[in-house]
Amino acid sequence: MKLYRWGYQFIRYFLFLCIPLVLLLAAMLWFVFHTQEDAAMEIIQANERLSIQLSERTIEAKLDVLRNDALYLAELSSLQQWLDGGSSATQAHLTADFLAFAQHRQFYDQIRFLDERGQEVMRVDFNAGQPAVIPMEQLQNRSKRYYVQNTLALNKKTVLISPFDLTVEHGVIKQPIKPTIRLSAPVFDSKKQKRGLIVLNYQGQRLLDRLREISRQSLGHLWLLNAQGYWLLGSRPEMEWGFMYPERQTMRFDHEFGEEVWLSILGGPEIGQWMHEKGLFTYAKVKPAELYNSLGSEHWILVSQISSSILAASTAENSRNLIIAFMVLTLLLMLLSGVIAHYAVRRQQAENRVRAREAQFRGLLESAPDAIVIADQHGCITRVNAQTEKWFGYSRNELLGRPIEQLLPERFHETHPFARQQDIAGPFTYPVKVGAELYGQHKDGSEFPIEISLSPLQTEQGPLITSIIRNISARKQAEEAKRRVEIRYRDLINNLPIGVFRNKPDTYGRFLEINQAMVDIFEADSVEQLLSYRLSESYCDAADRKAYIDKVTSQGSAKNVEIRFRTLKGREFYASVTSVMRRDPCGEIYLDGILEDITARKENEYRIQLLNENIQARSKELETVNRELEAFSYSVSHDLRAPLRALDGFSRTLLDDYADRLDERGHDRLYRIRAAAQRMAELIDDLLKLSRVTRTELKWETVDLTQLAEEIISMLQQIEPERHVKCLIQSGLTTRGDTQLLRIMMDNLLSNAWKFTGQCREALIEVGCTVKEDKIIYFVRDNGAGFDMAYADKLFGAFQRLHDANEYPGTGIGLATVQRVIHKHGGCIWAESAINQGATFYFILDGKERV
């Protein structure tokens, strides 16, 4: 019977352990399998997306290089010089530049320049690893090629990208095949006239080889298709370029994988991925003409495909490994469960025997949250619990048989009931509880506060007394912390520079609590004096008190109410009062609030009001002055012009009607009168412009400084067509500001540069910008007469001239106008120059609209 019971318990423990562990193992391995399968699939999908993205970025990067090369050659300086001059020297320079470019790049089969009629003017072929210039007699006319007319119809900085196809010569595909992408850009001369086009034949096999390298690093097949579904890059060479070979017309993607897959790609988003019964498909659409400022109808599709068999094979090995692991671990779990079950049964039997004897007493003793000490009639310890060992630091062996006074400091040995043997030896009718405060003593001599409850117990071995000891250190610490918080709170309130109070909103309004700041504000001699004082008597106006009390009681609070009070010494002051209505446990209403003396602030507000009134008066005076200035400007523009026109007109009449009666000296005097009158008129016009710049209200908008500079230079060239000035204007110069004022500024700067380069044989004017310390610094530079930097401080003053008026005419107002325009935009201007070495004017525009 005993053996049968043991076997039953063993089987029960074994099954109780083994079945859950095996089920848990199966669940874990099932979870691991699906997690690994999902993770593997996620990795495969991510790798395929990465492969497609890498291929797409490879194509984009290569096309960006090709486009930039086409634009670079279209704007090549030697090409511009040859177009302007056409000399043999510039042609040789251009030929050298084309050869150097071809040698440097080495991935173009041909680099050609065609004129506007489609005739090849220059062609460099790359054969046998070396570029070669084709002789003129071998140059051909390509005017009937589609890309010639399409490119000549483009604007500046625009590139035409051809379809990706094979090189065909005389109607036959060239062997070995040469996949080619053609890029062409129009060419403009310095006068912005279209003069031809640049054509680059890119060796597309380089791009296809790079895509094949990317394909080798991925699990699936990477293909490049055109918009009709023909392979430009496929898994087999015989599948590629089907649209170029009549016998391969059926070798398209939709014939290989079905029209459903092909339509899903065409109708899907730009980048996509999905599972199909034929495998995992990942694709991306590449549209070269939309990536940049380019034209061309060609677009390509990158497709990656992993067949279903490859996907299944990638997870088969993982399944086998997990099945083997499940079998091995199951056997180990069964063995472990048997061992644990055996020892569990043995331990349970032993524990049952011990638990039967001591369960009731030990459970009560050891589970107590307080220390329990049991002493006999002589005061010697017979039993303790674990909490006693923890609090007092003694082990059980060190306490058993020792006097109970060992747990108390010596000063309590004679006074505490522990030592009253008559109480212990006497009859026990009621339990004894000692509530007096005392301390226990740790083994190391340290003390901690305790509470003790004594309870007698009569046993067969004699009377015992049970002492329940509670450690109240945490409670004492909490009380001490509360006391310190109260002290800090009191100190904080008393140290505040504003008054803190509590009072009742009754007829007298006496304070219940106040801080020291309230005593100081009301000039009381002590806290007690202010607490006994009626606050209602401190209001200078009884209506203020009523309004304040009504607001608090109706709204529950009042914030920043300004009230005029009177101190206990009779001084009046202004205070800002904020208070909240509260109720005590008895339902009585009281107010908690703060009070701040704002007398100084009120006085400052009064002074500020006076200042504002003065400012308004001054503003009216300034408006009057401005109106007078406008009237003066009107007088200058009309009243002064009339006599000047009379001087000029009568002088011209004398020269026309009485020329035969005047000698050479008379003619000279009349010419001088006319010149002085015209110069005075110019001065008046420039002064009025300067005045209008100062008064003009800015209209903020985006301004293209490049376009302004080009328009002004074009106007200057029309005025003096006989001059040849080289003008370099940086593209993309934009800012925020007033278009009309910035046009005036650029007109003055460029007109000065044009004027002071008048005596230069090779005049140069440059407009651009630099970036320094996150600021855009614009500049206008010329190689003209320049000036002495010693007089730079006078440069922007009105009527300040650094050159002779006979040599360089002008009124001396232009740069003053420029400075006012820039200052009005929140910027600054300065100049650097040397005599006969040109001048550079730098300026910064804030570009931020100010309200």
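In which sense do strand 4 and strand 8 pair, and over how many bridges? Strand 4 (residues 159-161) pairs with strand 8 in the antiparallel sense, over two bridges, where strands are DSSP runs of E with at least two residues, numbered from the N terminus, and two strands pair if DSSP finds at least two bridges between them.

This is a predicted model, in which local features need pLDDT of at least 70 and side-chain atom pairs count only at pLDDT 80 or more, while totals for chains, interfaces and linings use all residues. Residues are numbered from 1 along each chain as its sequence is written, and side-chain values use heavy atoms, with hydrogens and water left out.

Now select residues 179-188, which form strand 8: 10 of its 10 residues are buried, so the strand is largely enclosed by the rest of the structure (buried means under 20% relative accessible area, with a 1.4 Å probe and protein chains only). Next show strand 9 (residues 194-203), which pairs with strand 8 in the antiparallel sense over nine bridges, and look at Phe 188, whose bridge partner in strand 9 is Lys 194.

For the last stop, select Asn 226, which lies in strand 10 (residues 221-226) and is buried, with a relative accessible area of 3%. The side chain of Asn 226 reaches the backbone nitrogen of Gln 228 at 3.1 Å, and a polar atom of that side chain lies 2.9 Å from the backbone nitrogen of Tyr 230.

Conventions: Helix = DSSP H or I, 4+ residues; strand = E, 2+ residues; numbered from the N terminus. Buried < 20%, exposed > 50% of the residue type's maximum accessible area, 1.4 Å probe, protein only. Polar contact = N/O pair within 3.5 Å; in protein donor to acceptor, adjacent residues only side chain to side chain.
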